[in-house]
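Here's a quick briefing to read with the model open beside you. Have a look at the ligand site to begin with, then at a handful of individual residues.

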Amino acid sequence: MTTIGLIGSGHIGTALARQAVAHGYDVVLSNSRGPETLTDLVAEIGDRARAGTAEEAASEGDLVVVTIPFKSYRQVPVAPLAGKVVIDTNNYYYERDGRFPEVDEGRTSPTELLAAHLPDSRVVKAFNAIQAAHIVSAARPAGDPDRRAVPIAGDDAEAKRVVASLVDDLGFDVVDAGPLAEGRRFDRDKPAYGAELGAEAMREAVAAG
Ligand SMILES: NC(=O)c1ccc[n+]([C@@H]2O[C@H](COP(=O)([O-])OP(=O)(O)OC[C@H]3O[C@@H](n4cnc5c(N)ncnc54)[C@H](OP(=O)(O)O)[C@@H]3O)[C@@H](O)[C@H]2O)c1
């Protein structure tokens, strides 16, 4: 039994939690305000869902998703995520997040900054380039001709295998864009960002990014 910890329970966190529970995973949801504010959501998602603090989601998850406004990435707990596979869904919107000159100048990317904040974790970028609602509505079983693809990037091959297996379980093909730095190819304003494409076309969109 795999437990997915969610740091952030907004649009993306909720969609991933629903989809994961529907496919037999347990989930621990967390937000910035505390578990008591997640009671209704957890009841609605069902018995496989529970709420905790961000630290609890981090320590109880076999696999942990960071899905909060990017500007808050330094608040993600470091110690309980050591050694773990961490999925980063975050995108940089300067209108919301404020300016990060190192990203604006192309010296780094949002996911690389999270990875630097979590030096002992194995960070994989995934689910940043798909609309939250589509995580539920566009999911299809393997082999379905309309199945869409989700691009991923990461430096750790085993971590990418774990994440690819989750993405597949949740209803999407996987396009591996390569190392974490190549995740920039499906960041905001790139052809693959928000693209509703199958694997072959998604591979081309990522390559064009
Ligand atoms: N929405 C989309 O379609 C979409 C698609 C792909 C990627 N993304 C990206 O994914 C990330 C999340 O997006 P979203 O739309 O799900 O955001 P959202 O709906 O605004 O939800 C953000 C969640 O993060 C929580 N949070 C904020 N600071 C936190 C902290 N320090 N510790 C723990 N939880 C914290 C919030 O909790 P409180 O409410 O208690 O503050 C809330 O549950 C963003 O970077 C976004 O750009 C979004």
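How do the residues of the shell around the ligand divide into nonpolar, polar and charged? They split into eight nonpolar, 13 polar and two charged, where Ala, Val, Leu, Ile, Met, Phe, Trp, Tyr, Cys and Pro count as nonpolar, Asp, Glu, Lys and Arg as charged, and the others, Gly among them, as polar. Bear in mind that this is a predicted model, where local features need pLDDT of at least 70 and side-chain atom pairs count only at pLDDT 80 or more, while totals for chains, interfaces and linings use all residues. Residues are numbered from 1 along each chain as its sequence is written, and side-chain values use heavy atoms, with hydrogens and water left out.

**The ligand site**

- The ligand has 23 residues around it, and the closest are His11, Ile12, Ser32, Arg33 and Gln75; a residue is near a molecule if one of its heavy atoms lies within 4 Å of it.
- As for location, the ligand sits in the largest pocket. A pocket here is an open set of points on a 1 Å grid over the protein atoms alone, where a 1.4 Å probe fits, with protein on both sides within 12 Å along at least five of seven lines; a molecule sits in one if more than half of its atoms lie within 2 Å of its grid points.
- Ser32 puts a polar side-chain atom 2.6 Å from a ligand oxygen.
- On its own the ligand would expose 900 Å², and the protein buries 79% of that (Shrake-Rupley areas with a 1.4 Å probe).

**Loop residues**

- Thr67 belongs to the loop between strand 4 (63–66) and strand 5 (85–88); strands are DSSP E runs of at least two residues and helices are H or I runs of at least four, numbered from the N terminus.
- Why does Thr67 count as buried? Its relative accessibility is 10%, and buried means under 20%, exposed over 50%, and partly exposed in between, with a 1.4 Å probe and protein chains only.
- Phe127 sits between strand 6 (122–125) and helix 7 (132–137), in the loop. Its phi is near 60°, a positive value in a residue other than glycine, and Phe127 counts as buried because its relative accessibility is 1%.
- Asp189 also has a positive phi, near 75°, and lies in the loop between strand 8 (173–176) and helix 9 (199–208). Asp189 is exposed, at 67% relative accessible area.
- Ser109 is in the loop between helix 5 (101–104) and helix 6 (110–117), buried at 3%. Ser109 and Gly183 are 74 residues apart in sequence, with 8.2 Å between their C-alpha atoms.

**Two alanines**

- Ala49 is part of strand 3 (residues 49–51) and is buried at 8% relative accessible area. From Ala49 to Gly5 is 44 residues in sequence and 10.0 Å in space, C-alpha to C-alpha.
- Ala57 lies in helix 3 (residues 54–60) and counts as buried at 0% relative accessibility. Ala57 and Glu200 are 143 residues apart along the chain, with 35 Å separating their C-alpha atoms.

Terms used: Polar contact = N/O pair within 3.5 Å; in protein donor to acceptor, adjacent residues only side chain to side chain. 1 Å grid on protein atoms, 1.4 Å probe; cavity = no way out; pocket = protein on both sides within 12 Å on 5 of 7 lines; lining within 4 Å.
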